[in-house]
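I opened this notebook to record what I looked up in one protein model.

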Amino acid sequence: MASMAQSPIPFTENLALKPTASDLLRSLTNGVCGVPLKSLGRSQLGAKRRDFAITAKVRKVKKHEYPWPEDPDLNVKGGVLSHLSPFKPLKEKPKPVTLDFEKPLLDLQKKIVDVQKMANETGLDFTDQIISLENKYQQALKDLYTHLTPIQRVNIARHPNRPTFLDHVFNITEKFVELHGDRAGYDDPAIVTGLGTINGRSYMFMGHQKGRNTKENIQRNFGMPTPHGYRKALRMMYYADHHGFPIITFIDTPGAYADLKSEELGQGEAIAQNLRTMFGLKVPIISIVMGEGGSGGALAIGCANKLLMLENAVFYVASPEACAAILWKTAKASPKAAEKLKITATELTKLQICDGVIPEPLGGAHADSYWTSQQIKTAIVESMDELFKMDTETLLKHRAQKFRKLGGFQEGIPIDPKRKVNMKMKEEPIIPISKTSELELKDEVEKLKLQILEASKSSAERPETGLKEMIAKLEREIDYEYDEAAKAIGMEDNILMLREEVAKGRNLSDQLAHPALKEKIEQMKEEFAKNLPSAPNYPSLVYKLQMLKELSKALNFSKKSTDKDELKLEINKKFIELMDRPDVKQKIEVLKAEIENSDIDSNPELKEKVMQLKGELESEIKGVLTSVGLQVVSSRPETVAKINAFDKEINVVIDNVVNSSDLKERIELLKAEVEKAGNRPDEDSKSKIQALTAEIKEAISEAISSSELKEKHERLAAEILEASKNGSLGKENTEYSQVNQSGN
């Protein structure tokens, strides 16, 4: 306590100023150092003189600047600060921290620095080399950050230099006032709350606050709130609900603080109160996971209408290290646990837990914190505009329904009885790969060929099921032969490593494979094809491949034959209907009777009647063929030659389009998606496959819809039409060809 320093007070024996006993007692009881006592200088002891002094020291205390410092911002009109908070920019720039998986980039950085240093020392121009190295660095950075594993995203979310809640708030708000206290005697620094404005609209902000260095982390308890922090957030929620302020929460915590004192103060009860209250608030709520969201400590301020996540943020019920320690008894299995837990933004979006992913710059949010903050601001404004359109009742239902539908179950929607018995999807039985002798395979294939031949002679149904089974068996045999060949030529380990690399490189987004990975695959294919003939089982592999090719052709022919048979049946049915019509029957019967009674060669009138009826029937038959999508075309050699030439031209155009780099990549991606989806693709895989198929079809359609081909098609169609008008069904042969109604 500060007080004034007093000069020593000498005791004298002036009896004229002698105090009373009550004065002495009062002085003793009120004896505070540094207070001048008038009568302490007067002693009744008389004979003996005692010299001593009473002094007090002033303790220097740092003046508290909160919330206004001595020097307000001179650039602000009136000297009033727009952000009132003790949070200040760091005086020292944080030290760069390189994560383990980023270490390969350090070599390129070092090379760039060395070349720049050499250029400065020698005065030579190394601009081209520096630009080349910088481009390589950017490409390597892009490749690294577009193929991150879940555990790598966990490490980025925990990066020491990652922007904190207040960093983002100061970047996105025009004004911000920090609010303190839970009104129960404590202000938890791990949760920060306050009022701020974005584009002139007021919001209540609250979020977990980590430190930017060791000192701040200790002060903020590493972003782990105590019950006081959650009760402070609860008080601000009631305040926002009362005044109609939308709520924006920022989540970045490993979890609630789990010490004895917190449990004594009711940590679980405080979290439960927040969960219950947030579902009843009548204002829009948006939660943003900006780092790691751990368990109930994150969910206590995360029950929102919309949950958004930064690209490299994670949201989990247990950390990967804790999960690995429980399941595999070692924290070293955390990469496997992180993959199985499905904790990244893209995976949680697929599970409908996260409602949107906010992009980050390459290198993580700490690489450009202001840009990241602006992405957050854009996402907040868009989401709030959507939520403001809802009335209060719809808003509450929307929030409740978001959490009620989690887990793949929703009330009111009937579930397949089979799924009720066992909700877990059954795994497909694994068929063991075993080598079958060539003689056995040859016998089976020959038997199948005989069955197909007999079926074609007797017009019976072809054994399509047997064909499919045999093809599947041959495919398994060929896979076995390829595996044996890879072992024999010593490439098994290389192929397995490449497979793992491809599996890691497969992203959930619709991005094409990494160029370097593609190059590796092509090199591996070339090397394998080059060494394959030296494998001992190469003749057996070639023989099985030939059999597979023959059977595949037979299956395709069977499918095409089935389509033709169906078309023939339909045409025959239409002809029977035509000939059974009463008017047609009557005309034919009358004409038959006249022909029987007279000679047609000597009767020109009868001959004319026959030709007339023939023309009418031809017209009716043409109508029947047109109704099933066919067109009657003259089979003159020159016409057929023109049609075949036009077909070849179209096939050349299609081949050129398919072999183009862009479409080829799309086709490869489609193959990869089909292979990845397997026999039971989920909804996301189906939508991706459908989208890619539509893109490929559209590209081919655009290619064959060129003006030149359209003109040729129209010219050929006109020639065929003219030829069909001049000819007749009786005079010359005709062929039925199905045409594309769109004119392609």
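Entry 1, Phe 222. I looked up the exposure of Phe 222 and found that it counts as partly exposed, at 43% relative accessibility; I took buried as under 20% relative accessible area, exposed as over 50% and partly exposed as in between, with a 1.4 Å probe and protein chains only. The model is predicted, with pLDDT of at least 70 required for local features and 80 or more for side-chain atom pairs, while totals for chains, interfaces and linings use all residues. Residues are numbered from 1 along each chain as its sequence is written, and side-chain values use heavy atoms, without hydrogens and water. Phe 222 sits in the loop between helix H6 (214–219) and H7; helices (H or I, at least four residues) and strands (E, at least two) are DSSP runs numbered from the N terminus. I noted a positive phi near 55° for Phe 222, a residue other than glycine. Most residues other than glycine have a negative phi.

Asn 199 belongs to the loop joining strand S3 (191–198) to strand S4 (201–208). With a relative accessible area of 54%, Asn 199 is exposed.

I looked up the packing of helix H7 (residues 227–243) on helix H9 (residues 267–278): the angle is about 20° and the axes are 9 Å apart. Axes are lines fitted to C-alpha atoms, for helices over the stretch in contact, and angles run from 0 to 180 degrees between N-to-C directions. H7 is therefore roughly parallel to H9, a label for angles under 35 degrees. On the H7 side, the residues in contact (heavy atoms within 4.5 Å) include Tyr 230, Leu 234 and Met 237; on the H9 side they include Ala 270, Ile 271 and Asn 274.

The largest has 54 residues, and Phe 205, Ile 247, Ile 248, Phe 250, Ile 288 and Ile 380 have the most contacts inside it. Leaving out residues up to four places away in sequence, Ile 248 touches, among others, Tyr 203, Phe 205, Ile 288 and Met 384. Another core, of 24 residues, lies apart from it and includes Leu 448 and Leu 541.

I recorded 27 helices and eleven strands. Of the 744 residues, 34% count as buried.

How values were computed. Core = buried A, V, L, I, M, F, W, Y, C linked by side-chain atoms within 4.5 Å. Parallel < 35°, antiparallel > 145°, perpendicular 65-115°, else oblique.
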